[in-house]
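Welcome! Here is a short briefing to read alongside the structure, taken topic by topic.

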Amino acid sequence: MGVFDGRKVKADLQALRASTEALTKKNAELEALIIDDIESSVKAGRRYTGNEYRVYDAIITELAKKYQATSEWGCVQAGNIIDVRASFIIGQGVTLGPADKDTAQDRPTQDALAWAKAFFEFNDLDREMSQELAKEAEIEGCFLGILAWDEAERQVTIRFMSRVETKYTIIHPADDYSWYQEVRWKDESSPRVLAEPEFVYARFGGRVHIPNEPTPKVGKCLTEIEALSKALRDWREINRLFGAPVPHIECENADQAKAMKDAITALANNWKIRKLFSHTGKLMYLTPDAASRQGIENEIITLAKMISGATGVPVHFLGLPDLMSNRATADNLMELVASSTRKEREIWVGTYEQIIEKAAAIWNANSAMTPVDPSLVKVSIPAVAPETWKRLTDVWLPLYTADAISKQTFLEQVPGIDAGDEAERLASQKAENMARFAKGALNPTDNATESPVQSQAGE
């Protein structure tokens, strides 16, 4: 029978007491961590929102970063949407033509249309620049063009000014939000001001009475664009982690596993697969089930539909052509983009008319040449869409064949055709034909030609 050792029992009790106190302290720390984590979750829930971008400057800055591919998320989607919308807005470009005779003023002027075309050509507005300006307006929701006289080239210049870069402010009277009197901004810490004749400003988004916060259409769905980009990345991560199979060999004990590892290592030069596990027990991956992967795919499709509805860009331009089930669906989607960009086209027509008007004033004041009258020039932006041709053949052509409208009115509906120039060409061609006919009637022998039979017989 053992001897009772009181000191050892006391020591054991003290050790148990210390262990209990340590566990109690540890539990308290864990409880505090759990509480802190719950509070953090609650606070995070209060910040949960459907729109992460609620300030105009932040919206256009982030949109510009996405277009330049310097943002973390949504660069592909935002850049594609902006380019597609700009392409549909401008279409085949800006067309200049003669104004209606009843609107033109009767006074001696230089050829206003020729001057306007030269002005457009000098500033590349007849080529890629009109598309570039439309793109910038889609990013910032507005357009600011600075007009100036170039003495060396003897021509008026127009240059785009970015709101993202300069943070300019449009000044207007308190009682008239549509009268843009000045533009103010800071250039290297010095204030700059432009007067009304020196700039053209157009607003493409936002509220009509708040000209300095023209939120672009794409800016309203930046959160959805980022969510779509993140969902695609989540899908990629799942495929990266669980898409590649890993071979393994199950052994009965640790010694066999080690021996198998050594054997495989000895064959490393002939082993082409990147990794192999030798182990005891069972090796398994806990992978997302099919429903989880399907949920991500559904999220991607739903977000694409929401973005399409908000921006007017069809889903097949977002990389989902399989969602167009038939031809009718495709036609409806094209009507969507045409309808969603109609307002912007009308604004651009008015903007270019204002550009021509102010540029003509600068030209008249500096060129020392015969003044030009901008009211003689008409601006149009043809919208080429399937419904445009359908309307042309179903509505305008029957009206013309029934003599209900003139030929010029019909030609004005055809995209890419200058009705005035075409009317002049038709009149000139008709005059030439009449002159040729009259000459042939008076001198039939001059226009006589051999028939193919006579020519062959002569040979």
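**A first look at the sheet**

C142 stands opposite R203 in β7. This is a predicted model, in which local features need pLDDT of at least 70, side-chain atom pairs count only at pLDDT 80 or more, and totals for chains, interfaces and linings use all residues. Residues are numbered from 1 along each chain as its sequence is written, and side-chain values use heavy atoms, leaving out hydrogens and water. Helices (H or I, at least four residues) and strands (E, at least two) are DSSP runs, numbered from the N terminus.

**The three-stranded sheet**

- Three strands form an open sheet in the order β3-β2-β7, with antiparallel pairing; two strands pair if DSSP finds at least two bridges between them.
- β3 (155-160) and β7 (199-203) stand at the edges with a single partner strand each, so one side of each has no neighbour in the sheet.
- From one strand to the next, the twist averages 20°.
- Strand β2 (residues 142-150) pairs with β3 over six bridges and with β7 over five bridges, in the antiparallel sense in each case.

- β2 is mostly covered, with seven of its nine residues buried (under 20% relative accessible area, using a 1.4 Å probe and protein chains only).

**A buried threonine**

- T341 is found in the loop between α10 (327-340) and α11 (342-366).
- T341 counts as buried because its relative accessibility is 0%.
- Leaving aside neighbours within four places in sequence, T341 is in contact with R85, F88 and I89.

**Two crossing helices**

- The axes of helix α2 (residues 56-67) and helix α5 (residues 128-140) come within 8 Å and cross at roughly 135°. Axes are lines fitted to C-alpha atoms, for helices over the stretch in contact, and angles run from 0 to 180 degrees between N-to-C directions.
- The contact is made by Y56, I60, L63, A64 and Y67 of α2 and K135, E138, I139 and E140 of α5.

Technical notes
Contact = heavy atoms within 4.5 Å. Buried < 20%, exposed > 50% of the residue type's maximum accessible area, 1.4 Å probe, protein only.
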